[in-house]
Amino acid sequence: MTSAFITGLAGATLTSDEASFLKAAAPAGLILFARNCIDAEQIRRLVAAAREASGQGDDFLVLIDQEGGRVQRLRPPLGRALPPADAYACLFCDDEDGAIDAAYLSARLLADDLKALGINTNCAPVLDVPVPGAHDIIGDRAYGRTPGQVARLGRAVAEGFMAGGVLPVIKHIPGHGRATADSHLALPVVDATRDELDATDFAPFKALADMPAAMTAHVVYTSVDPHAPASTSRRVTKDVIREAIGFDGLLMSDDLSMKALEGPIGARAEAVLAAGSDLALHCSGDFSEMEAVAAAVPALSGDALRRFRAALEIFARSEAYDSERAQTGLARALGTTGRAPESV
């Protein structure tokens, strides 16, 4: 049995209570944050202990947010320096093919780094398209300011991860770039028309609808469903994500603990699954909340189980690449950090 949620942990070692919880609850995976990561050997021990306690063996997602720039849980000296996504956007302005190559190879290099720690899933790439006046929560995490550029660079990154056996999670479907609030702190409401959303926000996700996993946005799109954010909206999940965008991969919510959502944590878990997500994501490591989420979710079955098993197939991949060229491309991207991305 695999339960339909992903959990966080409190610290750098697995407590006896957490081990018992993982055994009883059998979550689909674990997400790591900086609080869980001290050094390489410690991370490997923590992941191995959690995997063993869960009883899931290799069929266990170990996630991290290692985008680069502002969002990377493994920072030097624990992890290599990584540029924000807009560094690749800057390269793209001067050399489209070179930027695509650098983005792919940097992701392929990062996949090796993550796999060496026991991490098999990266919550990246971001496919959101920022617009003028939007909150800067996305900002330099974006691969450009046009849907086509974001889609091209985002695909290169996702394919680089998959080539190294790491599952990419595209986010934040169907689009967070237009939001005027940070969903960690408040519920963003987007009033753009459906035509505007289809042409911009939704477009990169449609271009990458073949990806194996995605994370939803805690954003209200009033032209689709004025009453609920995408993550808890059956209408957005069914009509936009599954049908209009055509995404049939593993769908997980963004963090249940974010202030964009309301109500008890267990009810939030129920809501995202009722809306059509396959997995509820809970990140805080708060033990009482972990228990509430576990009590609220079912075992994976049906299409959700099918999608989960399809995502697991990524872990077996391992394609050869030129690591020296990858490091050169990464250094080139790092050298552009600090330049403002231009509209293309």
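Arg44 counts as partly exposed at 33% relative accessibility, where buried means under 20% relative accessible area, exposed over 50%, and partly exposed in between (1.4 Å probe, protein chains only). The model is a predicted one, in which local features need pLDDT of at least 70 and side-chain atom pairs count only at pLDDT 80 or more, while totals for chains, interfaces and linings use all residues. Residues are numbered from 1 along each chain as its sequence is written, and side-chain values use heavy atoms, with hydrogens and water left out.

**Salt bridges**

Arg44 forms a salt bridge with Glu41, with the closest N and O atoms 3.4 Å apart; the term stands for a side-chain nitrogen of Lys or Arg within 4 Å of a carboxyl oxygen of Asp or Glu. Being three residues apart in helix α2 (residues 40–54), Arg44 and Glu41 are separated by about one helical turn; helices (H or I, at least four residues) and strands (E, at least two) are DSSP runs, numbered from the N terminus. Glu41 is partly exposed, with a relative accessible area of 40%. By the salt-bridge rule the count comes to 22, and two further examples are tabulated with this one.

| Pair | N to O distance |
|---|---|
| Arg44 and Glu41 | 3.4 Å |
| Glu67 and Lys171 | 2.8 Å |
| Asp210 and Arg155 | 2.8 Å |

The pair of Glu67, in strand β4 (residues 66–68), and Lys171, in strand β8, links distant parts of the chain, 104 residues apart, and both residues are buried. Asp210 counts as exposed at 53% relative accessibility, whereas Arg155 counts as partly exposed at 21%. A network of salt bridges links Arg242, Asp248, Asp278, Asp303, Arg306 and Arg307.

Glu18, which lies in helix α1 (residues 16–25), is buried yet has no salt bridge, the nearest side chain of opposite charge being Arg35, 7.5 Å away; here Lys and Arg count as positive and Asp and Glu as negative, while His and the chain ends are not counted. The side chain of Glu18 does reach the backbone nitrogen of Ala10 at 2.9 Å. Leaving out residues up to four places away in sequence, Glu18 touches Leu9, Ala10, Thr13 and Phe287, where contact means heavy atoms within 4.5 Å.

**Aromatic pairs and the sheet**

Rings of Phe, Tyr and Trp (its six-membered ring) pair if their centres lie within 6.5 Å, with planes under 30 degrees apart counted as stacked, over 60 as edge-to-face and the rest as tilted; by this rule the count comes to four aromatic pairs. The rings of Phe21 and Phe287 have their centres 5.8 Å apart and their planes at 65°, so this pair is edge-to-face. Phe21 lies in helix α1 and Phe287 in helix α10 (residues 287–296), so the pair ties together parts that are 266 residues apart in sequence. Phe21 is buried, at 7% relative accessible area, whereas Phe287 is partly exposed at 28%.

Phe5, Phe21 and Phe287 form one aromatic cluster, and Phe5 also stands opposite Ala280 in β13. Strand β1 (residues 3–7) and strand β13 (residues 279–281) pair in the parallel sense over two bridges, strand pairing requiring that DSSP finds at least two bridges. The open sheet has nine strands with parallel pairing, in the order β7-β6-β3-β2-β1-β13-β12-β10-β8.

Notes: Polar contact = N/O pair within 3.5 Å; in protein donor to acceptor, adjacent residues only side chain to side chain.
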